[in-house]
Amino acid sequence: MHQLTCVHCGAHYRPDEIIYQCPRCGHLLAVDYDLDSLAIDRREWQKRPLSVWRYREILPVRGTPVTLQEGGTPLYHLTTLGRELGIRELYAKHEGMNPSGSFKDRGMTVGVSMALELGKRTVACASTGNTSASLAVYAAKAGIHAVVLLPSGKVALGKVAQALIHGANAISIRGNFDRALEMVHELCTTHGLYLLNSINPYRLEGQKTIGFEVIDQLGGTPDRIVLPVGNAGNISAIHKGLRELRALGMIENLPRMTGIQAEGSQPIVNAIKRGLSEVVPEQHPETVATAIRIGTPVNAEKALVAIRETGGTAEAVSDAEILAMQQDLARKEGIGVEPASAASLAGVKKLVALGVIDPDERVVCVVTGHLLKDPETVVRQCKPPIEIDADMPSLCSVLRL
Ligand code: AN7
């Protein structure tokens, strides 16, 4: 069994209470297991397919989950980029290979399964895009309703297309993501919809399996895990999961948790660099990486602990660095990711240059979303195809043959 525990005051709550913050002090909640009482056989895990549900003993769902076979994503050894950056052991965990094309599916398979167990028939979120796409997919699979609030004009085309085709009630807010989240949070509290943003601790339980898979795939613990940070849910989730593996005696050390943000949207980076205990919200976040265009990261409290406790760090990269790395990954490694995802590798490049990352480290970058999520940004960056008349001389001429 599990319970909900406040990360600030330590108050405990029953697992079926529908709360998104501690009713006593207002801080974040986490799902808490009695790890000593769990019968986990690691060899049994190895026999199951690599997926979110390989690790079901330390997930909160008791019944049959709503699943589309999420997780089990490839971990690629980046030999060419690694050589260029001077890191022999550089890897990318390609979360774009999930059913809806982002890591959010790990959270939603658990979150929507919990919604059903809690008797909810309408789920909701605010989203920079991927959360809404994933929620729409899992609500469709579960046969329940989804309401998604999107910041008007700032969601990549592929993500909007997904929310629409999977049947979510998509609402565009004339405001940014942070405002949309405030509104949907209030809506869920006052009208009983089930909130599936990353403030919901059950959703983060699914996402922690990224770290479990990395360790199973590498056959050991990396020295560092680097990921793009928006609401800071994913970095917090992976850290929580790895702490649980340590408590279970399966690993000894935690990787240095390293968060990368865009320069125009870097409240976590500022808090880490200035040694602040709380983040100062960024009122007007701006970046080409619209997935992480977030000024008030709701999981900041957990993320600052994750970074500090593991000796990690946070760094910001420019939009130009993000787009250059998106292209490098595509052309030198054959890996297509959306801009936010390229931020993790752009961050590694910068941190190596700054001497923060040691070339001997074993570094895993989480690349969070697929290239096709945001085709418009790609088309703006690349030269269009050369159009010619439909005859052989024209073809040979354009190819200089
Ligand atoms: C590709 O969909 O917040 O730090 O509303 O889509 O856990 O928020 C997306 C976030 C990184 C940041 N990479 O993760 C949303 C949303 C991609 C993302 C992040 C997001 P968090």
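Which of the 23 residues around the ligand come nearest? In this predicted model, local features need pLDDT of at least 70 and side-chain atom pairs count only at pLDDT 80 or more, while totals for chains, interfaces and linings use all residues. Residues are numbered from 1 along each chain as its sequence is written, and side-chain values use heavy atoms, with hydrogens and water left out.

Asn-130, Gly-230, Asn-231, Ala-232 and Thr-368 come nearest to the ligand, where a residue is near if one of its heavy atoms lies within 4 Å.

An oxygen atom of the ligand lies 2.7 Å from a polar backbone atom of Asn-231. For a backbone N or O atom of Thr-128, the distance to a ligand oxygen atom is 2.8 Å, and for one of Gly-233 it is 3.1 Å. The protein covers 99% of the 480 Å² of accessible area that the ligand has on its own (Shrake-Rupley method, 1.4 Å probe). Helix H4 (130-142) and helix H9 (233-247) are the elements that give two or more residues to the shell around the ligand; helices are DSSP runs (H or I) of at least four residues, numbered from the N terminus.

Terms used:
Polar contact = N/O pair within 3.5 Å; in protein donor to acceptor, adjacent residues only side chain to side chain.
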